[in-house]
Amino acid sequence: MEFKIKNNGKSVWENFIEQNLNVPSFCGGRGSCGKCKILVTEGRLPVTAEDKKVFSKQQLEQGYRLACRAYPESEITIKTVFLEETELVGSKVELGIREEKSGENGFQIVIDLGTTTIAIALVSNNQVIETYLGINHQRKIGTDVITRMEKAAKGMAKELTHIVRNDIWNGIFEMLQKKEIELAEIEDVVLTGNTVMEHLFFAYPTEGMEHYPFTPFFIEKTEIKAEKIFPDWKGRTKIIGFPCVSAFIGGDIIAGLYQIDADKSQKIQFFLDLGTNGEMAVCCHGKIYTASVAAGPVFEGGNMSCGTGSIPGAIFSIEAEEEGFAYRTIKKAAPVGICGTGLIEAVAAFLEMGILKKDGSLFAGYAKKGVVIARSITGELISINQSDIRAFQLAKGAVLAGIFLLLKKANISINEVEKWNIGGSFGENLNIKKAIKAGLLPKEVEKKVEMAGNTSLLGAIKYSMEEKEERERRLMTLKESCICISLAEEKEFPEEFLKRIEF
């Protein structure tokens, strides 16, 4: 797409946001991720230090720049080179679908408010009768919750709240219109999300979670009339927000624990939800030990030279061949980049091929230029370089260290775990054998694992279908059973992390 942009004191990236363009922004406009590429076709833009790190001398001469670092001094015409995220592929729920439009329990809407995607289900008579999956357009301001909190603190809180409420409203409207159901027919709206996302939706301040001791404004169950959030929603409908445990363990994890029956099962279970934060829980002997590790955005395609989110054309599966690599892309589209699962499978393939050392260094011949996986439709190389491997090492080191330390805190050996639950849409597409080969998960997981899907949405659906007294009792039991372990404060964490960082 081509745009004319004037000198208005704002960066090209800020102008894009105002025009509701979905700009990939893993770094929140700091110039470090290199994703917001543009090409100047008329006029000129100064070359910045950040531009020099991303583009070759030839590309700079051709007019390539980063939108977030570009401040026009006069009117310019530019073309977008980045891939606008108009469609992110996530996890939908497919349960028994029936066409009844009334029933003993009426209609309920269930929402999984994710950092990247928003999944919504319409429930009637204990059946999911319609689903919706859309983008959380807060991504254009920042792809991770830390960036969004920073932007909220700088005066963008109301905009972030407006964006996500608008996304949800549009998704609900689309579903109800499709099923010919009126807003007034909806009894409850059940919403889950991580602690920051729930705060932004309900317009709670997030400043307390930006710095130590990371104190949320509100972590109890929220219950509010829908009209207070959506002025056009008249009637008795209530919005119920799942309770959170801490700044790092949100309603989405409580919903996941609800889904795996952590409060009912006698089994020793481990729950893991992989993303920018790797949330985890050990469920044993009536207690739930919870923790979160900072994995970084690499599992979502961030901090990668050719990384991308889960969009059509993202390479999600990679196999080594005699000459090069075989790969699969989302929706079988032409390759545009590599998403998180693609990186994991690439690392497994590199180890199998013997081109990756135990310390994470690529062997000579690959160390400088990286390993080419594919070519895009425009002929650009899609590769994995040394810095991509290092980003993965940091993430997998944090996850493994978290797993082993949390088990130690619960006084449970890894062999005592009877069931491993991998939640989230990322986990849904994870090849467990390759994840173990790449050193992301312990080998003990393989024969005891269940890919549990979108546990946040599924758990909230289960909650919506149960008797009100029973579901409230269960919700409170789960929340009160959680014991938060701050791994960052554990003296053993740095040593454990260094031990787990190698392959």
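This is a predicted model: local features need pLDDT of at least 70, side-chain atom pairs count only at pLDDT 80 or more; totals for chains, interfaces and linings use all residues.
Colleague: What follows α7?

Modeller: D261 follows α7, and its phi is positive, near 60°.

Colleague: How do I read the packing of two helices, and at what angle do α7 and α13 cross?

Modeller: Take the angle between the two axes. Angles of 65 to 115 degrees count as roughly perpendicular. Helix α7 spans residues 251–259 and helix α13 spans residues 468–481. Their axes come within 10 Å and cross at roughly 115°. That makes α7 roughly perpendicular to α13. The crossing is right-handed.

Colleague: Which residues make the contact of α7 with α13?

Modeller: From α7 come I254, L257 and Y258. From α13 come R471, R474, L475, L478 and K479. Five of the contact residues are nonpolar, none is polar and three are charged.

Colleague: What is the general idea behind the spacing along a helix?

Modeller: An α-helix has 3.6 residues a turn, so residues three or four places apart point the same way.

Colleague: Now the other pair: how do α9 and α14 cross?

Modeller: Helix α9 covers residues 386–409, and helix α14 covers residues 493–500. Their axes come within 8 Å, crossing at roughly 125°. The two helices are therefore oblique to each other. This crossing is right-handed.

Colleague: Which residues make the contact here?

Modeller: α9 gives L394, K396, G397, A398, L400, A401, G402, F404 and L405. α14 gives F493, E496, F497 and R500. By class, eight are nonpolar, two polar and three charged.

Colleague: Do β12 and β13 run parallel or antiparallel?

Modeller: They run antiparallel. Eight bridges join β12 (residues 277–284) to β13 (residues 287–294). As one landmark, M280 stands opposite A291 in β13.

Colleague: What should I expect of backbone angles in general?

Modeller: Most residues other than glycine have a negative phi, and most peptide bonds are trans. Look for the exceptions.

Colleague: Which residues does a cis peptide bond join?

Modeller: Y212 and P213, with omega about 10°. P213 is in the loop between α5 (195–202) and β9 (222–225).

Colleague: What is the phi of F214?

Modeller: The phi of F214 is near 55°, a positive value in a residue other than glycine. F214 also sits in the loop between α5 and β9. Its relative accessibility is 29%, which counts as partly exposed.

Colleague: And where is E180 found?

Modeller: E180 is in the loop between α4 (145–179) and β8 (186–193). Its phi is positive, near 55°, and E180 is not a glycine.

Colleague: Is E180 buried or exposed?

Modeller: E180 is exposed, at 61% relative accessible area.

Terms used
Residues are numbered from 1 along each chain as its sequence is written. Side-chain values use heavy atoms; hydrogens and water are left out. Axes are lines fitted to C-alpha atoms, for helices over the stretch in contact, and angles run from 0 to 180 degrees between N-to-C directions. Helices (H or I, at least four residues) and strands (E, at least two) are DSSP runs, numbered from the N terminus. Angles under 35 degrees count as roughly parallel, over 145 as roughly antiparallel, 65 to 115 as roughly perpendicular and the rest as oblique. A crossing is left-handed if the near helix is turned anticlockwise from the far one by less than a right angle, and right-handed if clockwise. Contact means heavy atoms within 4.5 Å. Ala, Val, Leu, Ile, Met, Phe, Trp, Tyr, Cys and Pro count as nonpolar, Asp, Glu, Lys and Arg as charged, and the others, Gly among them, as polar. Buried means under 20% relative accessible area, exposed over 50%, partly exposed in between (1.4 Å probe, protein chains only). Two strands pair if DSSP finds at least two bridges between them.
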